[in-house]
Amino acid sequence: MIPFVDLSPGLQNSRAEFEGAFAAVLDGAKFIVGRQVEAFEHEFADFCSSAHAIGVGNGLDAIRLILMGYGIGPGDEVIVPGHTFIATWLAVSAVGAEPVPVDVQPDTYNLDPQRLEAAVSPRTRAIIVVHLYGQPAAMDEINAVATRHNLYVVEDAAQAHGAEYGGRRAGSLGDAAAFSFYPTKNLGAFGDGGAITTNDGALAERVRLLRNYGSSIKYVHELRGLNSRLDELQAAVLRVRLRRLEATNRQRRVIAARYSAGLHGNQIIVPAVADAVLPVWHLYVVRAASRSRLMQFLLDREIQTQIHYPIPPHRQAAYADQSFDSAQLPVTDEVADEVISLPLWPEMAEETVDTVIAAIRAFVG
């Protein structure tokens with residue numbers, strides 16, 4: 001069986017380093033916002049070329065805390081992509097604001113900047129851009145719209161650790177960025193975890209309070225905050241994995257290039273790469289009109305695939321109480337019906353990639 005993802009090789013390659021990291025946490029005997037978290041925050045900020053990094057509980061909380069830090073709440077609107085994991089929308093709802101979906105580009109699946117300005121209203125406070133599947137969105141155009149309307153730009157960089165746009169890394173392309181360290185991410189922990197990066201010192205200070213019950217001094221609470229702190233053990237794991245991230249991202253690019261070369265022109269739509277963009281291929285996602293049949297064909301040949309994401313947020317029961325104009329989201333609906341994520345992990349062997357390619361070519365042939 002070719003799994004959709006195999007974490008074991010990467011874990012074994014760093015086993016001794018992980019064991020050393022665990023020992024350092026035990027020796028430090030401080031498990032909440034200790035030396036490991038502080039060190040990781042400095043290292044990750046440097047990696048993203050940001051002034052600040054703040055470790056938090058997960059990726060959804062990272063977006064939520066940014067919005068809280070900017071005072072966004074009831075009565076406000078936040079523009080979001082139509083095609084994304086629902087966590088992007090849930091963070092907006094969690095602060096009491098209203099998500100306003102904008103359709104995505106048919107080739108990159110990222111927020112379409114040409115449709116953005118029409119979605120801005122007097123209530124709009126921010127734009128959340130998702131660097132979906134590891135490819136940064138069209139940030140120059142998006143930032144230009146935000147500047148004209150005095151809006152915050154929040155990067156949902158949960159799938160884009162190390163991705164670049166115009167030579168700059170995700171996490172430094174907007175006003176603030178939210179990262180997830182879910183175990184299957186390019187930079188993954190051994191459980192949930194997240195971080196916020198920003199060059200805004202005031203926002204960073206406010207988020208540090210908000211993640212810790214709104215408190216900087218024990219039992220003194222300046223804000224109505226949350227309990228959303230990156231775990232010390234997870235920070236130790238992330239420090240180990242961060243040292244290998246550039247190398248594993250390069251391996252992902254090699255695999256993605258092999259997929260693209262082998263599948264191009266075979267009735268399968270392979271992902272496009274925008275100019276000035278260096279993706280990190282968290283997922284390699286193709287489109288196929290006969291998705292269900294292709295997935296079953298591959299499964300019969302012991303090749304696992306997944307769908308990211310089969311039901312757009314605007315069609316989820318969670319948002320049944322809100323009215324969305326589906327006619328404004330045609331690409332989102334089309335993409336949701338056709339996308340298939342192929343197996344990909346950094347240590348994936350060339351022959352394994354070729355087996356997947358050959359099976360897909362056999363199906364379309």
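A residue is called buried when its relative accessible area is under 20%, exposed when it is over 50%, and partly exposed in between (1.4 Å probe, protein chains only). The model on display is predicted, so local features need pLDDT of at least 70 and side-chain atom pairs count only at pLDDT 80 or more, whereas totals for chains, interfaces and linings use all residues. Residues are numbered from 1 along each chain as its sequence is written, and side-chain values use heavy atoms, with hydrogens and water left out.

**Stop 1: helix H4**

Please select residues 59-69, which form helix H4. Helices (H or I, at least four residues) and strands (E, at least two) are DSSP runs, numbered from the N terminus. Nine of the 11 residues of H4 are buried, among them Asp61, Ile63, Leu65 and Ile66. Select Asn58 next: this residue caps the N-terminal end of H4, with a side-chain oxygen 3.2 Å from the backbone nitrogen of Leu60. Just after the helix, Gly71 has a positive phi of about 75 degrees.

**Stop 2: the sheet**

Now display the strands. Seven of them form an open sheet with mixed pairing, in the order S1-S9-S8-S5-S4-S2-S3; two strands pair if DSSP finds at least two bridges between them. Strand S1 (52-56) and strand S3 (98-102) are the edge strands, each pairing on one side only. Select S2 (residues 77-81): five bridges join this strand to S3, and the two run parallel. Within S3, Pro99 is the bridge partner of Val78.

**Stop 3: helices on the sheet**

Select residues 87-94, helix H5, which packs on the sheet and touches S2, S3, S4 (124-130) and S5 (152-156). Contact means heavy atoms within 4.5 Å. The direction of H5 makes about 175 degrees with that of S2; axes are lines fitted to C-alpha atoms, for helices over the stretch in contact, and angles run from 0 to 180 degrees between N-to-C directions.

**Stop 4: the nonpolar cores**

A nonpolar core is a set of buried Ala, Val, Leu, Ile, Met, Phe, Trp, Tyr and Cys residues joined through side-chain atoms within 4.5 Å. Which residues touch the most other members of the largest one? Among its 31 residues, they are Leu65, Ile66, Ile72, Val78, Val92, Ile128 and Ile196. Helix H4 gives the most to this core, with six residues. Apart from this core lies another, of 28 residues, including Ala256, Ile268, Ala288 and Leu344.

Key
A polar contact is a pair of N or O atoms within 3.5 Å; within protein, one must be able to donate a hydrogen and the other to accept it, and residues adjacent in sequence count only if both atoms are side-chain atoms.
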